[in-house]
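Have a look at the structure, then read on.

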Amino acid sequence: MPTVEELFAPPPEVAAHPAVAAMTRLCDDMIGPHAPAADDPARGVDPAHPRALAAAGLLSVRVPATEGGLGASQRVDVETVELLAGTCGATWFVVTQHRNPQGDSTSPIKGLHADAYRHGPAAARHRPGLAAATTLTGIAVAHIRRPGPPAVRAEPAPGGGWRFTGTADWCTGWGITDLTMIAATTTTGRFVFALVPTAPRPGLRVGTPAPLAVMGGTRTVGLQLDGMTVDAEEVLLDVDAAAWIAADAVRTADTRPATLGLLRRVLVELERLGLRRDRPDTVDTASVLGERAAALRDEAHALLIDVPAGQRVPERIRLRGEIAELTVRSANALVAARSGSATLLTSPEQRWVREAMFHLVQGQTDVIRRAQLAAFAG
Ligand SMILES: Cc1cc2nc3c(=O)[nH]c(=O)nc-3n(C[C@H](O)[C@H](O)[C@H](O)COP(=O)(O)OP(=O)(O)OC[C@H]3O[C@@H](n4cnc5c(N)ncnc54)[C@H](O)[C@@H]3O)c2cc1C
């Protein structure tokens, strides 16, 4: 019977890819040893680590080599994300923000509504830095997913550009990133995405880091915008709101590779613990959960990589809910197997339980929440 590690092993050509080798090395030597500190609000993610990932091309895995990336396949990209998220949730979460301005959020829009979006001047200006991740970015966009009155309004400014007013509850990586993408809603049914320096400016009040039970070291703040001026040159994108919401629903339907990375890590650790303590029942539990998890991961990979975005969406949503629930269950199984010492702050098990909780809410939409609750209800 295969071990859990073997169940999750990537295909040989993926395992041998230089990006996977580089990520494995950085995780083992640098990011893994710092993971407890990165989780700790008093210490946090080391700002040098996102830069080291960027310098190794690991924030540009799929970006063509001609644009400063590694030009690798999506399967290779997924493997690198799984490895990073299974090593240090906080470091993964800081760097994952960069994918959005880099292109992840615009590509589904291109497919769905080619006429509905307009790139602003900031897109061309920052394109090389975003592609190669020499310019690191954060985002404050979750508020535009909420129905009801806009949390952040964009009004045309005299002489061009915009004024942003309102509250963006979440912005991770403040003080680590170079630029932040902030979304606001116009009165004409569009979203404006501004790419501004991650720095104080008139009309912007930056909150203190949120007192979080998980991701405490990610420098996550709220942004209060009091008529903050956005120059026309700082506009990255201007999109039809309904088109963005439709594209976002497609994008958020998929299971996050990061969740799969955590799931894989806790099950590998569960099996190792069983072998170390010579407990066949623990090894059996790891095996049963591992087989289920690997099967769900194969489905998620197939939908993400082989099936065009926008197809089989209900299946993707159900799967995302089931994988989130299985990740929570598996992380708790590891705590049960390790017993009391799992709750020591020096033990990674309690951190993985909290990270599993976090994967429930990251990029959560209404339909995803329902799918998660259905999975919990069995
Ligand atoms: C530690 C942490 C860091 C984060 N960092 C970032 C960040 O850097 N940038 C960022 O943009 N976001 C960030 N988020 C936000 C994260 O992606 C959101 O938690 C997630 O999108 C859920 O949104 P919400 O928390 O605003 O919850 P809610 O406002 O409760 O909404 C959850 C979802 O339910 C739906 N919904 C809500 N109300 C209704 C309703 N009345 N009817 C129908 N549907 C509804 C919406 O689709 C919404 O997205 C962070 C969150 C956490 C916890």
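On a 1 Å grid over the protein atoms alone, a cavity is a set of points where a 1.4 Å probe fits but cannot get out, while a pocket is an open set with protein on both sides within 12 Å along at least five of seven lines; lining residues have an atom within 4 Å of a point. Grid points are joined across faces, edges and corners, and a volume is the space filled by probe spheres set on the points.

Bear in mind that this is a predicted model: local features need pLDDT of at least 70, side-chain atom pairs count only at pLDDT 80 or more, and totals for chains, interfaces and linings use all residues. Numbering runs from 1 along each chain as its sequence is written, and side-chain values use heavy atoms, with hydrogens and water left out.

**Cavities**
- There are 2 cavities of 30 Å³ or more.
- The largest cavity comes in at about 110 Å³, and among its 13 lining residues Leu58, Leu59, Val81, Val95 and Arg99 are closest to the centre.
- Helix 5, helix 6 (89-96) and helix 7 (99-104) each put at least two residues into that lining, with helix 5 giving the largest share, 4 residues. (Helices are DSSP runs of H or I, at least four residues, numbered from the N terminus.)
- The lining of the largest cavity splits into 7 nonpolar, 4 polar and 2 charged residues. (Ala, Val, Leu, Ile, Met, Phe, Trp, Tyr, Cys and Pro count as nonpolar, Asp, Glu, Lys and Arg as charged, and the others, Gly among them, as polar.)
- The second largest cavity has about 30 Å³ and is lined by Thr255, Arg256, Thr259, Arg320, Ala324 and His359.

**Second largest pocket**
- About 530 Å³ of space sits in this pocket; 25 residues line the second largest pocket, with Glu5, Leu83, Thr87, Arg265 and Arg272 nearest its centre.
- Helix 3 gives the most to this lining, 7 residues.
- Its lining residues divide into 11 nonpolar, 5 polar and 9 charged.
- The second largest pocket lies between domain 1 (4-113) and domain 3 (252-377), because both give residues to its lining. (Domain bounds come from an automatic or database domain assignment.)

**Helix 5 and helix 12**
- The axes of helix 5 and helix 12 (residues 280-306) come within 10 Å and cross at roughly 135°. (Axes are lines fitted to C-alpha atoms, for helices over the stretch in contact, and angles run from 0 to 180 degrees between N-to-C directions.)
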